[in-house]
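Dear colleague,

Please find below the structure that I am handing over to you. My notes on what was found in it follow directly after.

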Amino acid sequence: MDEDEVLVVARRHGVDSDQPSEAEEEEGDEEESEDEPADEESEEEESEDDTRGRRTLQLKPGARGQRGPPGDPTIIPWAREIGVDPQKMHVMQTSLFRMPEEERALKALNQPQSRRRLLLTSNLSRKHSRDSEGDGLRADSRQRASFAHDIEPEPYRPTRKYARVESSASVFVGQEHAYIDAGLAVGRSFRVGWGPGGVLAHLGELCGPKTSPKSSANASTIKLTTIPLIAADADASTQASRLLSHHLSNTAIEEDADGIPFANPSAKLTFASFMTQFPSTDQSFEPTLFRLGHALFDPVDFRVNDIPDVQYRHRIAAIRRKTELSKWLKTAVSSAMDTDLRENLDTKWDRTVFTLLSGYQIERACEAAADGGNFKLASLVAQCPGDAEFRADLQEQLEIWRRERIDAHISEDTRKVYALLAGVADTLKGSGGSGVEQCPDIDLARGLDWKRAFGLQLWYGLPMDAPIAEVFEAYDALWKEGQSSVAPPAPWYAERADSADSAWNLPSQTQHPDALYSLIKLFADPACNLSAVLSSFAFSPSPADYRLPWHLYIILSRCLRIRDLADRDTPVLRGTEDGEDDDGVEGHSPSADLLANSYALQLEQLGMIQEAVFVLLHIEGSAGRAKVIKELLARSASKLDDWVTRGLVGSLKIPMAWINEAKAIHALHVGNVYEAYELYLSAGLYDAAHDIAVLELAPDAVVRQDLLLLRELFDVFDGRPVNGWNDRGKVFLDYAHALTRLPQLRDRLIETDGALDAGELSELEQLSRSVPKLVSILPDVLPDRTNIRHTAAAAEMTNQLVRHLDQIRPLAIAQAHIRTPYFGDATRVRNIHSTMYERFVRTIEVA
């Protein structure tokens, strides 16, 4: 081929042709050999999408006359020159030619790529997709050059993105009876949904994912089921109200940039402040949880600011924190320790001493040892926990007993006491042997609950200056490795005898450990986040009880700023005028909103509406916060009495418009249409009030011929931005105006013998034009033919307008050529007579 060949390309417009063009047949074998590989390569592409697979044609300068510039996409002038139909040549050109950019894309596909790279080029075609959604990407087909090359993975295809549409914004709103597409019309009616007070509305029977219902669902029967979200506890409302009241007293209710109220907890809301809500003698799980949080996380003045060395300050603070943890643990295990003592009153003194040491009751353990006659051991217990030299001496003594097989003649509980004093808190090695001298290994934590097993590591296993993280890791390794009988951190309810009678299927103890254990882990492990701690099963046997998890999230994340949830977005930092970074806008956390929603639903089921709204005020997004609060108010509208309304508006600063909207929805549901109309007006929702006035109130007023009521209903909308005002509501105002002025103008015509002044004459002409228009659009204003009230009102309005206008201008209706189903027979006959009379008069005038 000559060097001065010109590449002519053209875009293909969706027309395929399998026959080669005349220009291709004139090409030599060399050109055919070059085109064949490209044809084979694009063969698969042509089968998938008609907009790909173009070919390249190279023509010599002598094959045509005058040409356009190189790369000119049109060949029509040359086609005319050689006598070929330009349209036919254009079809062949678009069918066979390939764009240069497509050639480059195909070459790039054949070149080796890295194995992990996902290729998404601009030449990816789309089929049945939309660019705005970013879906439907289809990658070009790929072939492996040899077995030494790997085939690239298919490019990532983004899934089609769907957005939830509210029922009010649905294209099918108001068309639920149109069964052309029954699935679209009544699709929302078959979905499971939440009703007021945590009631679940559903069809058929509820069943789990691994079970099947006993009966088939009846599409005409809707069942209402109350799902218990919390354990049956008579004090649930009291406990929730006590904590939320304290929370509200330390929270400011403000408005955000969008004017939506939100709750801003104060930094004074700490674990210590919640501790004051419980008696000091209360040793139940809930106050114990807050006391542990106070020991680990609350800001405490350790009075070390005068020490210049930062390392020393941190070391002293760590020891003080460990001391606070030790005090808390000593109090937390006292009840379990006393229970063991009461159940074993006839045991020997050494068993009693070990039980007391498991609760770190050093003084009582000394007295028990002395009462047992072992004064030397009592003196050793008094030195507990002792220094390193003290422990080394006792460990050496234990080793001598084991080596000389003396331990076989010492009771097991006595060996346990000496092991604790020597700093052995896991397993005490025995001398072995058999028969009389058999002495097995002893697991010191056998038979103890997890808190006392943790206490053995805290008080005896590690030195006093060992950080809490090391103590936690020592205990954590013991129960996770399973090499000893150390109890796992089971939740508090799993330790009770009636835990098997729970209404829920409780998970394993290791899957959801105790919340106390999780708090200690949160302090010991800097990599631990709140998402791994705030499991509902860690606090309660109910999987939907989020009362305590939500309070802990607020304290640790919002108030103390200790740790946050794992899914929170990266904060956006803002710079100050001095160039320093100020506190930025925090990223959003879906888990935080889900936590607040779950707790609010729990309160709603208990009938605590104000408390539920207060919890929802902590939702972070303005739009989501307003939406969920409005939905809650709508579900609970029947409970919004004056006392509840004053609390919502006064304490929580909920807009009165939101409450009126909820009351309007409830009033419309129970059939109080006019009350709903007034409430919508009070809420400033003029579109909803306008719809009620047009579809519900105006037909009754028309049938009763109450023109004053029509004006009162629609005067409030005049001048306001109401959708469809000119085509709907204003029609009723114009109707009332026409029925008022037409009789007056008729009386004026009679009084003045047809001599009206200019103003009255202009008004009469305007009514003669506007009344036929009103009659013509009435079927669109009240379109529901199945509603007898709408049909009667439209017929009444049509007859009244036609009757009054015919008394003044009998030809106005006939000249408008109106087609409406509400004309009576008499009206139709009168229009025919008027039309014939008009034509007769015109014939006479022409003649």
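A residue is called buried when its relative accessible area is under 20%, exposed when that area is over 50%, and partly exposed in between, with a 1.4 Å probe and protein chains only. By this definition R568 is buried, because its relative accessible area is 13%.

Before I go further, please note that this is a predicted model, in which local features need pLDDT of at least 70 and side-chain atom pairs count only at pLDDT 80 or more, whereas totals for chains, interfaces and linings use all residues. Residues are numbered from 1 along each chain as its sequence is written, and side-chain values use heavy atoms, with hydrogens and water left out.

I begin with the protein as a whole. Of its 847 residues, 41% count as buried. Its secondary structure consists of 33 helices and 13 strands; these are DSSP runs numbered from the N terminus, with helices being H or I of at least four residues and strands being E of at least two. The accessible surface is about 46900 Å², and carbon and sulfur atoms hold 51% of that area, as computed by the Shrake-Rupley method with a 1.4 Å probe, where for residues only the protein chains shown count as cover. A contact means heavy atoms within 4.5 Å. Among contacts with a separation of 6 or more, 61% join residues 24 or more positions apart.

I turn next to the salt bridges. Side chains of opposite charge can pair when their charged atoms come close. A salt bridge is counted when a side-chain nitrogen of Lys or Arg lies within 4 Å of a carboxyl oxygen of Asp or Glu. The whole structure contains 24 salt bridges.

One of them joins R625 and D256, whose closest N and O atoms are 3.0 Å apart. R625 belongs to helix α23 (residues 622-635) and D256 to the loop between β8 (251-255) and β9 (261-265), so this pair ties together parts that are 369 residues apart in sequence. Both R625 and D256 are buried.

Another joins R568 to E620, with 2.8 Å from N to O. This pair also links distant parts of the chain, 52 residues apart: R568 is in the loop between α20 and β12, and E620 is in the loop between α22 (609-616) and α23. E620 counts as partly exposed because its relative accessibility is 25%.

K730 has 30% relative accessibility and so counts as partly exposed.

Some features of the backbone also deserve a mention. The peptide bond from C384 to P385 is cis, with omega near 5°, and P385 lies in the loop between α14 and α15. R561 is not a glycine, yet it has a positive phi of about 60°; its place is the loop between α20 (547-559) and β12 (572-575). K653, also not a glycine, has a positive phi of about 55° and is found in the loop between α24 (642-650) and α25 (656-670).

Yours sincerely
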